[in-house]
Amino acid sequence: MSLKVNTHFKSHLTSSFIPRKTALSTAMTIALFAGSSHAATMPELQSEIKTLKTQVNALADEIKVGSDSSAHSQFASKTNIGGYGELHYNNIEGKTPEVDFHRFVLFFGHDFNEKIRFFSEFELEHSIAGEGEIELEQAYIEMDLTKQLKTRVGITLVPVGILNETHEPNTFYGTERNPVEKEIIPATWWSAGASLNGITDSGLSYDLVVSEGLNVADDDYTIRSGRQKSSKAEASDLAYTGRIKYTGIPGLELAATARYESNISQSKNPDAGAATLLETHVIYSKANFTAKALYAQWNIEGNAAKSHYVDKQYGYYLEPSYKLSENWGVFARYNEWNTTTVDAYKQTQTDFGVNYWPHKQVVFKADYQLKKDGSTEQNGINLGVGYSF
Amino acid sequence: MNNLAPFLESAKQILAKPIRVFLLIGLVSFSAQTHAAALPQESAAFLASQLQANPSKQYLWLTGEVKKQVISILDHPYYKLRVPYWQSGSDDELKTLWILEEIGKHKLITVGVVIQNQHIKSLRILKFRESRGWEVKLPSFTRQFDGIAFKTPNDFNNTELTSYIDGISGATLSVRAVTKLSKLALLLQQHVDAQKTGSL
């Protein structure tokens with residue numbers, strides 16, 4: 001999914017290539033040997049052939065197709081560039097139709113050695129900086145502590161949900177990301193801190209994170225708007241996240257995340273308190289069929305949240321999909337969520353549509369949404385094109 | 001002394017051209033380095049566990065039609081000009097072990113594949129370097145390859161496998177890379193077998 005700068009052989013190397021100098025050297029050496037052996041005996045010739053064979057084999061092992069051995073190349077081979085992007089067209093009832101290059105993302109990574117590496121994700125939203133956003137969503141150092149345990153320090157994605165860590169457009173159905181993970185989790189959600197990430201031979205893995213917490217405004221307990229995005233983030237009250245995931249059976253993923261926020265207002269509001277997010281999901285794929293289900297819920301302590309009717313917020317969705325072929329897939333998704341404790345504000349959205357992959361890393365999407373926001377309907381068409389590398 | 005005369009003359013001619021000296025030294029040191037390089041620990045252990053002691057090591061060059069077929073499986077050329085393989089046993093007990101590499105998302109995944117009678121006997125992830133997608137290392141994933149083969153053996157244009165490989169959520173690219181390498185091993189094996197029987 002990503003381009004290597006030197007670039008291995010992945011995208012540029014459409015034909016085999018032997019560095020000219022090496023080819024020249026080999027040819028000259030063969031000529032040299034030939035020149036010096038015209039009077040040789042049969043055993044000598046056999047010996048020379050054997051020597052030449054050894055040398056040709058040695059050269060063949062050293063030559064990587066399309067690479068060179070310059071210092072620049074050696075540096076570049078340790079540096080990765082990747083990215084993804086998605087252009088959307090939305091035509092929804094009650095809204096002006098719009099076209100938006102929603103996300104343009106670049107990944108940069110570098111391996112300092114076999115055990116220490118850097119990774120980053122840089123995003124431009126809505127095409128321009130003025131009315132859009134430029135965000136640093138990931139920037140961390142990762143170090144292997146053992147073969148099955150590593151640590152990350154820096155800005156990382158919160159290990160929660162299905163989309164938050166894997167959100168390249170060719171990896172999911174629907175032009176827009178599902179509203180439950182957007183409004184409740186809230187994806188994409190990142191924070192600065194430190195983590196331990198472990199795996200086991202049974203397929204069980206775990207993540208433990210200490211990071212900056214949310215910081216909601218006094219009059220707005222929307223979780224999404226409380227993300228501090230590691231931008232001069234207040235760090236009086238930290239957040240603690242734990243996730244456990246099981247992927248020991250091919251096609252199955254079971255995961256659960258708990259996140260504890262010490263104080264959702266960073267102790268600025270005496271009536272605000274701690275908050276806990278619980279999330280769980282399952283993904284099951286068998287041959288061309290995949291089913292996903294996710295549930296997430298916030299419990300927010302303190303009188304402030306209670307008086308705003310937001311002390312409990314929840315959402316869930318169910319998504320069956322079917323790959324008709326390598327290139328085509330269809331899906332349906334039912335979403336329900338409520339960012340308040342008032343039933344009248346419950347929202348639902350049913351989506352159904354199609355993905356077309358002309359290449360595994362390029363996708364065209366078309367879907368129809370039936371959204372109910374209280375008594376308001378927001379039905380309409382979404383079209384999109386996306387890519388990742 | 002007379003026997004040494006041609007040699008001394010050749011040496012004199014060679015030494016008269018500094019570039020030749022340079023080339024000779026370069027080649028000798030190149031060769032020495034390569035021969036000194038042993039198999040990585042994981043690969044050596046896999047080799048020892050799958051084949052009899054002292055298996056024969058040979059190479060298949062990826063040229064001509066083989067190269068084209070490799071590209072059709074990988075969507076790009078293999079990154080080496082030739083691929084090593086090891087064999088032990090004979091007749092129906094002949095086993096071939098391939099060590100192959102392909103990029104998952106950013107980095108190479110090293111895979112060992114043992115083939116017997118054009119069926120995969122065993123597949124193992126020998127080195128996984130990616131940050132995500134580590135689940136392909138699990139035996140529960142690699143066991144899916146045991147016993148599979150091409151649906152239509154010796155049809156170099158059809159590389160469909162006899163069984164569907166179930167994927168892993170969040171590890172799509174790693175799964176794809178390993179599956180490609182399983183097909184590549186089966187393809188290369190067909191060429192090795194065909195060369196031996198003289199059908200190519």
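In the predicted model, chain A comprises five helices and 18 strands, and buried residues account for 34% of its 389 residues. Among the contacts in chain A that link residues at least 6 apart in sequence, 55% join residues at least 24 apart.

In soluble globular proteins, nonpolar side chains tend to be buried together. The largest nonpolar core of the present model holds 42 residues, of which W98(B), L100(B), V111(B), V113(B), V136(B), L181(B) and A185(B) touch the most other members. Two or more residues are given to this core by each of α4, β2 (82-88), β3 (95-103), β4 (108-116), β5 (119-128) and α6 of chain B, with α6(B) providing the largest share, nine residues. When neighbours within four places in sequence are left aside, W98(B) is in contact with V83(B), Y85(B), V113(B), A185(B) and L188(B). A second, separate core of 35 residues has L163(A), I264(A), A275(A) and W337(A) among its members.

The axes of α4 (residues 64-74) and α6 (residues 172-197) of chain B come within 9 Å and cross at roughly 160°; because angles over 145 degrees count as roughly antiparallel, the two helices are described as roughly antiparallel to each other. The crossing in which α4(B) passes α6(B) is right-handed. On the side of α4(B), the contact is made by V66(B), Q69(B), V70(B), I73(B) and L74(B), while α6(B) contributes K180(B), K183(B), L184(B), L187(B) and H191(B). Of the residues in this contact, six are nonpolar, two polar and two charged.

Terms used
Residues numbered from 1 in each chain as written. Chains lettered and ligands numbered in written order. Predicted model: local features only at pLDDT ≥ 70, side-chain atom pairs only at ≥ 80, totals over all residues. Axes fitted to C-alpha atoms, helices over the stretch in contact; angles between N-to-C directions. Helix = DSSP H or I, 4+ residues; strand = E, 2+ residues; numbered from the N terminus. Parallel < 35°, antiparallel > 145°, perpendicular 65-115°, else oblique. Left-handed = near helix turned anticlockwise from the far one by under 90°. Contact = placed C-beta atoms within 7 Å. Nonpolar A, V, L, I, M, F, W, Y, C, P; charged D, E, K, R; others polar. Buried ≥ 20, exposed ≤ 12 C-beta atoms within 10 Å, placed from the backbone. Core = buried A, V, L, I, M, F, W, Y, C linked by C-beta atoms within 7 Å.
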